[in-house]
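Me: I should like to learn how to read the features of a protein model. May we work through one together, feature by feature?

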Amino acid sequence: MATGLKHELLPAQVANWGLPLAAIADIRKDPEMISGVMSPTLMGYSTIFMRFAWMVQPRNYLLFACHATNAAAQAVQCGRFVNYWHMGGREKAHPVSARIEDAAGTVKDAATDAAKQLKAV
């Protein structure tokens, strides 16, 4: 019967793959649901733990591969977020609703300006 630290940590190392597998599964989902804060945070987290897995002796290749996969998947998610919210992806995906939201913002700004002008009079 095999015992020891390596065999006790194996379930934790395998369970750690849930994070990158979830990120890979989310790549096909609507980019509107991507968090612009969480994806870069997870990418940074995985980058830090990639370095840890590489520097620890003996090197933990399974942990390194897990976090390299997660960092890559989160980088894809960050790119999708930027494309959708800042590079015109939302307008291409939802042309009518994007115009309505933009028009509503313009009307709201105009109403705010008009209210300020009335208060000034």
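Me: What pattern does the protein chain follow when read along the sequence?

Reply: Please bear in mind that this is a predicted model. Along its sequence, the protein chain follows the pattern α-α-α-α-α-α. In other words, the chain has six helices and zero strands.

Me: How should I read the overall burial and surface of the protein chain, and what percentage of its residues count as buried?

Reply: A residue counts as buried when its relative accessible area is under 20%. By that criterion, 20% of the 121 residues of the protein chain are buried. The accessible surface of the chain comes to about 8,800 Å², and carbon and sulfur atoms account for 68% of it.

Me: Among contacts between residues at least 6 apart in sequence, what share joins residues at least 24 apart?

Reply: That share is 68% in the protein chain. One case can be found at isoleucine 27, in the loop between H2 and H3. Its C-alpha atom is separated by 7.7 Å from that of valine 76, although the two residues are 49 apart along the chain. Leaving out residues up to four places away in sequence, isoleucine 27 touches Val76, Gln77 and Arg80. Isoleucine 27 counts as partly exposed because its relative accessibility is 30%, which falls between the cut-offs of 20% and 50%.

Me: Where does H4 find its packing partners, and what are its buried residues?

Reply: The buried residues of H4 pack against H2, H3 and helix H5 (89-93). They are Leu63, Cys66, His67, Asn70, Ala71, Ala73, Gln74, Gln77, Cys78, Arg80, Phe81 and Tyr84. As for length, the 26 residues of H4 should span 38 Å at 1.5 Å a residue, and its end C-alpha atoms are 36 Å apart, which agrees.

Me: Is glutamine 74 buried or exposed, and which residues is it in contact with beyond its sequence neighbours?

Reply: Glutamine 74 lies in helix H4. This residue counts as buried because its relative accessible area is 5%, and the cut-off is 20%. Leaving aside neighbours within four places in sequence, glutamine 74 is in contact with Ala23, Ser39, Leu42 and Met43.

Me: Where is tryptophan 85 placed, and what does it touch?

Reply: Tryptophan 85 is also to be found in helix H4. With a relative accessibility of 34%, tryptophan 85 counts as partly exposed. Not counting residues up to four places away in sequence, it touches Pro31, Glu32 and Arg90.

Me: How do I read backbone angles, and which residues does a cis peptide bond join?

Reply: Most residues other than glycine have a negative phi, and most peptide bonds are trans. Here a cis peptide bond joins glutamine 57 and proline 58, with omega about -5°. Proline 58 lies in the loop between H3 and H4. Just after H4, glycine 88 takes a positive phi of about 95°.

Me: How do I read a pocket, and what is the volume of the second largest pocket?

Reply: Rolling a probe the size of a water molecule over the atoms shows where empty space is left. The second largest pocket has a volume of about 220 Å³. Its lining consists of 15 residues, of which Asp26, Ile34, Ser35, Ser39 and Gln77 lie nearest its centre. The elements that give two or more residues to this lining are H2, H3 and H4. H2 provides the largest share, four residues.

Notes:
Residues are numbered from 1 along each chain as its sequence is written. This is a predicted model: local features need pLDDT of at least 70, side-chain atom pairs count only at pLDDT 80 or more; totals for chains, interfaces and linings use all residues. Side-chain values use heavy atoms; hydrogens and water are left out. Buried means under 20% relative accessible area, exposed over 50%, partly exposed in between (1.4 Å probe, protein chains only). Contact means heavy atoms within 4.5 Å. Accessible areas come from the Shrake-Rupley method with a 1.4 Å probe; for residues, only the protein chains shown count as cover. On a 1 Å grid over the protein atoms alone, a cavity is a set of points where a 1.4 Å probe fits but cannot get out, and a pocket is an open set with protein on both sides within 12 Å along at least five of seven lines; lining residues have an atom within 4 Å of a point. Grid points are joined across faces, edges and corners, and a volume is the space filled by probe spheres set on the points. The expected span of a helix is 1.5 Å times one less than its number of residues.
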